[in-house]
Amino acid sequence: MKKLIEFIEKGKPFFEKLSRNIYLRAIRDGFIAGMPVILFSSIFILIAYVPNAFGFFWPKNIEALLMKPYGYSMGILAFLVAGTTAKSLTDSVNRSMPATNQINYLSTLLASMVGLLLLAADPIEGGISTGFLGTKGLLTAFLAAFIIVTIYKFCVKNEVTIKMPSEVPPNISQVFKDVIPFTLSIVLLYVLEIFVRHFIGTGVAEAVGKLFGPLFSAADGYVGITLIFGAYAFFWFVGIHGPSIVEPAIAVVTYANIDANLNLMRAGHHADKILTSGTQMFIVTMGGTGATLIVPFMFMWLCKSKRNKAIGRASAVPTFFGVNEPILFGAPIVLNPVFFIPFIFAPIVNVWIFKIFIDVLGMNSFTANLPWTTPGPLGIILGTNLQILSFVLAALLIVVDFIIYYPFVKVYDKQILEEERLGKTNDELKEKVAANFNTKKADNILEKAGVVQNNITKETNVLVLCAGGGTSGLLANALNKAAKEHNVPVKAAAGGYGAHREILPEFDLVILAPQVASNFEDMKAETDKLGIKLAKTEGAQYISLTRDGKGALDFVQAQFED
């Protein structure tokens, strides 16, 4: 097992580089920016269809009234995401361009939205068709955004723009600067649409959908879901944020399938699409990557080791809400050969069982998008509209995950008990985690004794960033609590990487949580321009800081002493 992990770790630099790819990040950040629209639309799905579980059905006119907000939010998701994806990609491209010659992200945002309309909307009597402006057009939205930002980059970098005299106000000059790249990009997309329609007989959006349709169908099978969701846990186990690599590749199909399931259910058919956002958040990663919902409770109630019991108590509440870094790095589970099999196997078994419930027992799949911090069992029940089988499924998954993890937890507890009896610690594993997550700096800080002696005298704003804004809240809360207790002028806020750029100038220090630590160099290009300090945390280091407010304040101070 150790040899297998060592072999996997050799590929870590490649996967970290892949996770920093600006196009994958643009897709991910584009979706994050559009998440309020997605969650807003699901409110009306729940109101319209949850009552069905109790035998109550709204009249058709009321149902149509309730679904109108859904149609004008989720129904134009591709149109909106075309703009947010272009904005995110523009931000990434601008980091490599001179500060005096930047691409106007508002212009690329608007151009991408116009470009998508050309590729995905056909004129009909009284307006335009919107069938491919929703989830069906997401792939085309990314295509439009990538093409447009590439053209803008070429034009701006090579000064293929209209230059105005220096006397002209900057806002007016920017308008003329954008005219040529805007025109070239829109014309190119229009030519592409005419070309595809002439030779294939359909618009670009429909052609793209047909091209990738077989691939999406294959992804919904047992082999597809095994490879996709096995990869989530596989990457996380070796210290790479799996969603940064996997989610952009499947985001289109997961949200398209939610919409397809809803339409099937509304038509009275079986909603049978497996690969959805709900499947990923509440079935596969119930309690976080590795399906660890039950693990902290096993540590609390079944382990005899004092250390494991303490880790379980500290991890139970965050893990219940999908933030499982405390158990991942506190146990640790990552890089721990004892947990390799259950960490990979439990998510796969969960999605297999879910597929059986859908294909064999006739349960409807997910039809609503919910926040990822919704507790796993509740997410399953609400996301599938309170079906009786959903209650059974949630309970069954907890039992199955318990059975999968039980022997490995007992083996690990026996190891830790022996170490406690001999007065030893698992130095070899700690060294392994430290080698992969760089925990030395935090270890030195946490070894300091006594009361906090903090030299920060002026108000210092700290921004903690993680992948989605959940894990970062643990450290931000610890900092704010300790700052208040020790009267230190530090204020901390939590956020998600990719949604930070507009608020960045308000902060003096940015701390990257472990999931986004691989983005350090990209982030440094942003913080250096603004004169902001930047620090990254790795593995057990981050968890230690969230548990020790004094140590966290020392960590903040240390960043200004370098």
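Student: Which residues does A552 touch, not counting those up to four places away in sequence?

Tutor: A552 touches L475, L479 and L545. They qualify because contact means heavy atoms within 4.5 Å. Before we go on: this is a predicted model, where local features need pLDDT of at least 70 and side-chain atom pairs count only at pLDDT 80 or more, while totals for chains, interfaces and linings use all residues. Residues are numbered from 1 along each chain as its sequence is written, and side-chain values use heavy atoms, leaving out hydrogens and water.

Student: Why is A552 called buried?

Tutor: Its relative accessible area is 1%. Buried means under 20%, exposed over 50%, and partly exposed in between (1.4 Å probe, protein chains only). With 1%, A552 is therefore buried. A552 sits in helix α24 (residues 549-561).

Student: How many helices and strands does the chain have?

Tutor: There are 24 helices and six strands. Both are DSSP runs numbered from the N terminus: helices are H or I with at least four residues, strands are E with at least two. Buried residues make up 54% of the 562 residues. Taking contacts between residues at least 6 apart in sequence, 75% join residues at least 24 apart.

Student: How do you know that the buried residues of helix α22 are on the same side?

Tutor: In α22 (residues 520-530), the buried residues are F520, M523, E526 and T527. They cover an arc of only 125 degrees around the axis, so they are on the same side of α22. The arc is that of the directions from the helix axis to the C-beta atoms. These buried residues pack against β3 (460-466), β5 (509-512) and β6 (533-536). Just after α22 comes G531, with a positive phi of about 70 degrees.

Student: What makes D522 and R25 a salt bridge?

Tutor: Their closest N and O atoms are 3.0 Å apart. A salt bridge is a side-chain nitrogen of Lys or Arg within 4 Å of a carboxyl oxygen of Asp or Glu, so the pair qualifies. D522 lies in α22 and R25 in α3 (residues 22-49), so the pair ties together parts that are 497 residues apart in sequence. R25 is buried, because its relative accessible area is 2%, whereas D522 is partly exposed at 23%. The whole structure has 13 salt bridges.

Student: How far apart are D359 and K355 along helix α16?

Tutor: They are four residues apart, about one turn of the helix. An α-helix has 3.6 residues a turn, so residues three or four places apart point the same way. The side chains of D359 and K355 meet in a salt bridge at 2.9 Å, N to O. D359 is partly exposed with 41%, while K355 counts as buried with 9%. Elsewhere, salt bridges that share partners join K60, E63 and R266 into one network.

Student: Why are E63 and K60 separated by about one helical turn?

Tutor: They are three residues apart in helix α4 (residues 60-71), and therefore about one turn apart. E63 counts as buried at 11% relative accessibility, but K60 is exposed at 64%.

Student: Which residues make the nonpolar surface patch?

Tutor: Y222, I341, F345, W352, I356, V360 and L361 make it, at about 640 Å². Patches take residues with over 30% relative accessible area and no salt bridge; like charges are joined within 9 Å, and nonpolar side chains (Val, Leu, Ile, Met, Phe, Trp, Tyr) within 5 Å. I356 has 38% and is partly exposed, so it passes the area cut-off. I356 lies in helix α16, and α16 (residues 340-359) gives the patch its largest share, four residues.

Student: Where does pLDDT stay under 50?

Tutor: That happens over residues 436-453, for which the model has 35 contacts beyond four places in sequence. pLDDT is the predictor's confidence in each residue, from 0 to 100. Where pLDDT is low, the predicted coordinates should not be read in detail. The chain as a whole has a mean pLDDT of 83, and 88% of its residues reach 70 or more.

Definitions and conventions: Areas by Shrake-Rupley, 256 points an atom, 1.4 Å probe, with all protein chains shown as cover.
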